[in-house]
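Have a look at the model first.

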Amino acid sequence: MDDTNSPGRRETFTKAPSVPFDPTATPPTPVRAAFPGEQPPPGLRVEDLGPADGAQPNIRPAVLGEPFDDPFVSGSVRCIACAHRCVLRPGRIGICGVRQNRGGSLYTLVYGQVVASRAEPIEKKPFFHFLPGSTAYSVATQGCNFHCAYCQNWEISQAHRERVVPESRFVLPETAVSEAVRAGVRSVAYTYVEPTVFIEYALDTMARAHAAGLRNVFVTNGYESPEALDLLGPLLDAANVDLKAANDGFYRRVCGAQWEPVRDTLVAIKERGIWLELTTLIVPGLNDDRGELRAMAEWIAAAVGPETPWHLTRFQPAYRLPGLEPTPAATLVEAAAIAREVGLRHVYVGNAPEAECAVTLCADCGARLIDRADFAVTEWRLVRGRCPRCNRSLAGVGLEAAPAAV
Ligand code: SF4
């Protein structure tokens, strides 16, 4: 278990712990890094790969794969775990880099192959209205169905594209839950990369987490298919969806995805009664247009409700955008003001302590209810989940009593 970030690197929301990788490792194919057992043995073509034989515990039959009637190639399958709905000919791997057609069936390549795990404040995911002041046990494998140009976890999310081989360890779901229980957390967070791409491992861990009395939270890009949400819904207690923009152009240009499925997932999460928070990383010149921010806030208020917490976070130069300046605090503060003007009740600014926007206020009278500093709750003024001044209840989960540490 790694519980440190790289030296000199500031802790930020959703940043994975430092993941060692060998920059000199040469992947066995010219186009991508490989998983143990992914490649065919000498003398066989990738098209001839059969089902895994159990020698590699990370390679397992996947859920949400269906036969695809390809008029040119027999044995094709379609993965319906996310909105990409990749059609995979025999041997091929999906956009996420971790789901493969082997012998005409869909397999996950990363079951239990954990690249990052640690206990951390749930405020760091970020969740501000779900079990505030508690810790969550974060787990992730490699792979992602987006390839955002500014990804701060690209060493694990884009490993397959960047020919990086991150260190990993095999962790059974029951072991992950035991580690979580030993760490004294109240929830397990599936995070750092898009967890839908390791849905089999997530589902098995989520069931065991619930049995152990822990909650499950997803930090997700919202690209789950409705079928995936049907599987996840009964086990999922909260989701923080990374709302990158509210227009299709941004999703296509910067993330290699589309806006419409994200929009539908947000509404579906809300309708299922799963606690929802939103995060938007504001990138200078890409999604900081004031008119667009206003339109986003209006969409949030209308579609998922004005009491949905919205975290506006600072961009730090990363991955393919190393030359851009970090988001000025003034931009974040202005964006938060626009959102409040539109009617959103709980707007926060993240990764910019100088902006001082990490306080939860009463949605009616504006009284200070929860103060935070450095991902910790420092003051708790709620009385049984209600404002002590006007008795208005605060939207959220686990707000009845102050966390033990406060
Ligand atoms: S989870 Fe991966 S393989 Fe499946 S549809 Fe999404 S990108 Fe494609």
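## Ground rules and overview

Before anything else, burial: a residue is called buried if 20 or more other C-beta atoms lie within 10 Å of its own, exposed if 12 or fewer, and partly exposed in between, with C-beta atoms placed from the backbone. This is a predicted model, where local features need pLDDT of at least 70 and side-chain atom pairs count only at pLDDT 80 or more, while totals for chains, interfaces and linings use all residues. Numbering starts from 1 along each chain as its sequence is written.

The protein has 406 residues, and 49% of them count as buried. Its secondary structure comes to nine helices and 19 strands; these are DSSP runs numbered from the N terminus, helices being H or I of at least four residues and strands E of at least two. Two residues are in contact if their C-beta atoms, placed from the backbone, lie within 7 Å. Of the contacts with a separation of 6 or more, 68% come from residues 24 or more positions apart.

## The nonpolar cores

In soluble globular proteins, nonpolar side chains tend to be buried together. A nonpolar core here means a set of buried Ala, Val, Leu, Ile, Met, Phe, Trp, Tyr and Cys residues joined through C-beta atoms within 7 Å. The largest one has 105 residues, with Ala140 and Leu312 making the most contacts inside it. Helix 4 (residues 199-211) supplies the largest share of this core, six residues. There is also a second, separate core of eight residues, including Ile370 and Leu399.

What does Leu312 touch, leaving out residues up to four places away in sequence? Its partners include Thr280, Ile282, Leu332, Val347 and Tyr348.

Strands count as paired if DSSP finds at least two bridges between them. By that rule, eight strands make an open sheet of mixed pairing, in the order 8-9-11-12-13-14-15-16. Strand 8 (116-121) and strand 16 (347-350) are the edge strands, each pairing on one side only. From one strand to the next, the twist averages 20 degrees; for such angles, axes are lines fitted to C-alpha atoms (for helices over the stretch in contact), and values run from 0 to 180 degrees between N-to-C directions.

Inside this sheet, strand 14 (residues 275-282) and strand 15 (residues 310-314) run parallel and are joined by five bridges. Leu278 stands opposite Trp310 of strand 15.

Strand 5 runs antiparallel to strand 6 (residues 105-108), with four bridges between them, and Arg99 sits opposite Thr108. Two residues separate the strands of this hairpin, where Gly103 takes a positive phi near 65 degrees.

The other open sheet to look at has three strands in the order 17-18-19, with antiparallel pairing. Strand 17 (360-361) and strand 19 each have a single partner strand, so one side of each is left without a neighbour in the sheet. Two bridges hold strand 17 to strand 18 (residues 368-373), and Leu361 has Arg368 as its bridge partner.

## Around the ligand

How many residues surround the ligand? There are 13, and the closest are Cys79, Cys82, Cys86, Gly94 and Cys96; a residue is near the molecule if its C-beta atom, placed from the backbone, lies within 6 Å of it. The shell divides into seven nonpolar, four polar and two charged residues. In this tally Ala, Val, Leu, Ile, Met, Phe, Trp, Tyr, Cys and Pro are nonpolar, Asp, Glu, Lys and Arg are charged, and the others, Gly among them, are polar.

Most residues other than glycine have a negative phi, and most peptide bonds are trans. Asn351, in the loop between strand 16 and strand 17, has a positive phi of about 60 degrees although it is not a glycine. Asn351 is buried because 23 other C-beta atoms lie within 10 Å.

The loop between strand 8 and strand 9 (135-140) holds Pro126, which is joined to Lys125 by a cis peptide bond with omega about 0 degrees. Leu131 lies in the loop between strand 8 and strand 9 too, and has a positive phi of about 45 degrees. Leu131 counts as buried because it has 23 C-beta neighbours inside 10 Å.

Gly398, in the segment after strand 19 (376-380), touches Phe130 and Leu131, not counting residues up to four places away in sequence. The C-alpha atoms of Gly398 and Pro132 are separated by 7.2 Å, although the two are 266 residues apart along the chain. Is Gly398 buried or exposed? Gly398 is buried, since 21 other C-beta atoms lie within 10 Å.
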